[in-house]
Amino acid sequence: MLKGPLCTVRHLLNTDLNTFIALVNDLPSRGDYFSTQFKSPETMRREFLQHGFVTEDSELFVVEDQYRHIVGVITHFKSRTPTSREIGYRLFDAALAGQGYTTEALRMLADHLFRVHTWHRLEVLVAPRNIASVRVAQKCGFTAEGMLREAFFINGRYQDVAVMSLLRHEWEVLRGQPGPAGL
């Protein structure tokens, strides 16, 4: 469990499952930047029972506010290279946007991944018009690298996606962590 002043990032519990499924499958809350495809509740329950949404290739966390309400989700998963991890995040209620939940969750997860694992690079793929999501990544030290043209199919059309990354040595500078061999 990762705790910050605004939120907690933790694994999904059995007692959360019904609420989580309803939040994830609420199509109107997905807006313009998330796919409208969803999994059936039965499939999600089966996957949760099998591995709790934690495998070698991916790990899912819920973002919880100070009142223990699930306000979002953040996950990391296998990327294109063995030294990288991709991170995805979503706030469930647009009314909570701008309050810092997603920024704090991303910062805590990035810190955790760099401290616990040997990955060299973290990536976020974001719709370039999703200014709020771009700002979240920028506030956490991620740098825009380029565009994957028409890489996502969302809301009936192909859309571009921006690639943003944070490298280990950049994170070390941001967090005041020592580099290799204490340098």
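## Basis

Residues are numbered from 1 along each chain as its sequence is written. In this predicted model, local features need pLDDT of at least 70 and side-chain atom pairs pLDDT 80 or more, while totals for chains, interfaces and linings use all residues, and side-chain values use heavy atoms, without hydrogens and water.

## Strand S3

Strand S3 covers residues 58–65 (strands are DSSP E runs of at least two residues, helices H or I runs of at least four, numbered from the N terminus). Seven of its eight residues are buried, so S3 is largely enclosed by the rest of the structure (buried means under 20% relative accessible area, exposed over 50%, partly exposed in between, with a 1.4 Å probe and protein chains only).

S3 pairs antiparallel with S2 (residues 7–10) over four bridges (pairing needs at least two DSSP bridges). Seven bridges join S3 to S4 (residues 70–78), also antiparallel. Val62 is the bridge partner of Arg10 in S3, and Val73 is the partner of Val62 in S4. S3 and S4 form a hairpin with four residues between them, where Arg68 has a positive phi of about 70°.

## Gln159

Gln159 lies in strand S8 (residues 157–167) and is buried at 6% relative accessible area. Its side chain reaches the backbone oxygen of Ile154 at 3.1 Å.

## Aromatic pairs

The structure holds four aromatic pairs (ring centres of Phe, Tyr or the six-membered ring of Trp within 6.5 Å; planes under 30 degrees apart are stacked, over 60 edge-to-face, the rest tilted). Among them, Phe114 and Trp171 form a tilted pair, 5.2 Å centre to centre with 35° between the planes. Phe114 is in helix H3 and Trp171 in helix H5, 57 residues apart.

Key:
A polar contact is a pair of N or O atoms within 3.5 Å; within protein, one must be able to donate a hydrogen and the other to accept it, and residues adjacent in sequence count only if both atoms are side-chain atoms.
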